[in-house]
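These notebook entries record what I looked up in the structure shown below.

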Amino acid sequence: MAGDSSDGRVGQTLKHAAGMVAAAGTYKGLQLAWKQATGKEAPLGPDDQQAPLGRAIAWTLVMGAAITTARMIAIRYTARLLHSRQQSMTESAAATLADNPDSSATGA
């Protein structure tokens, strides 16, 4: 039995998809911001030997914090949207039943 805090598969999928989109957008935005701020390309990865260690560490810290924050915000916002949509659908279904209680009769 599912509790109030658990989501269905569709909800989980939508939240994680929103997180992935946020992470990808944040990564691209950070690359542009890094180039404008430093005048150099961001390090390509942890094995990029052409980037000095200090710059690679700074990039990793900034990127990790920004992407994690963007994912968290996107997932929470999506969860809130899904919850409010589900709640409004439940309320509209209850209002329909209240307006016409005989429509739910099974003919007993």
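**Entry 1: aromatic rings**

I looked up Trp59 and found it buried, because its relative accessible area is 4%; buried means under 20% relative accessible area, exposed over 50%, and partly exposed in between (1.4 Å probe, protein chains only). The model is predicted, so I note that local features need pLDDT of at least 70 and side-chain atom pairs count only at pLDDT 80 or more, while totals for chains, interfaces and linings use all residues. Residues are numbered from 1 along each chain as its sequence is written, and side-chain values use heavy atoms, with hydrogens and water left out.

Rings of Phe, Tyr and Trp (its six-membered ring) pair if their centres lie within 6.5 Å; planes under 30 degrees apart count as stacked, over 60 as edge-to-face and the rest as tilted. Tyr27 and Trp59 have ring centres 6.1 Å apart and planes at 65 degrees, so I recorded the pair as edge-to-face. Tyr27 is in helix α1 (residues 9-38) and Trp59 in helix α2, 32 residues apart, and the pair links these distant parts of the chain. Helices (H or I, at least four residues) and strands (E, at least two) are DSSP runs, numbered from the N terminus. Tyr27 counts as partly exposed because its relative accessibility is 27%.

I then took Trp34 with Trp59: the ring centres are 5.3 Å apart and the planes stand at 75 degrees, so this pair is also edge-to-face. Trp34 lies in helix α1 and Trp59 in helix α2, so the pair ties together parts 25 residues apart in sequence. Trp34 counts as buried because its relative accessibility is 12%. I noted that ring pairs link Tyr27, Trp34 and Trp59 into a cluster.

**Entry 2: helices and chain totals**

I counted 2 helices and 0 strands in the protein chain. Helix α1 has 30 residues and reaches 43 Å from its first C-alpha to its last, close to the 44 Å expected at 1.5 Å a residue; the expected span is 1.5 Å times one less than the number of residues. I listed buried residues of α1, among them Gly11, Lys15, Ala22 and Leu30. For the protein chain of 108 residues, the buried share is 16%.

**Entry 3: the loop**

I located Glu41 in the loop between α1 and α2. Glu41 is exposed because its relative accessible area is 53%. Setting aside neighbours within four places in sequence, I found Glu41 in contact (heavy atoms within 4.5 Å) with Trp34, Lys35 and Arg55. The C-alpha atoms of Glu41 and Ala51 are separated by 9.3 Å, and these residues are 10 apart along the chain.

**Entry 4: contact range**

Of the contacts in the protein chain between residues at least 6 apart in sequence, I found that 67% join residues at least 24 apart.

**Entry 5: Leu61**

I placed Leu61 in helix α2 (residues 53-99). Leu61 counts as exposed because its relative accessibility is 60%.
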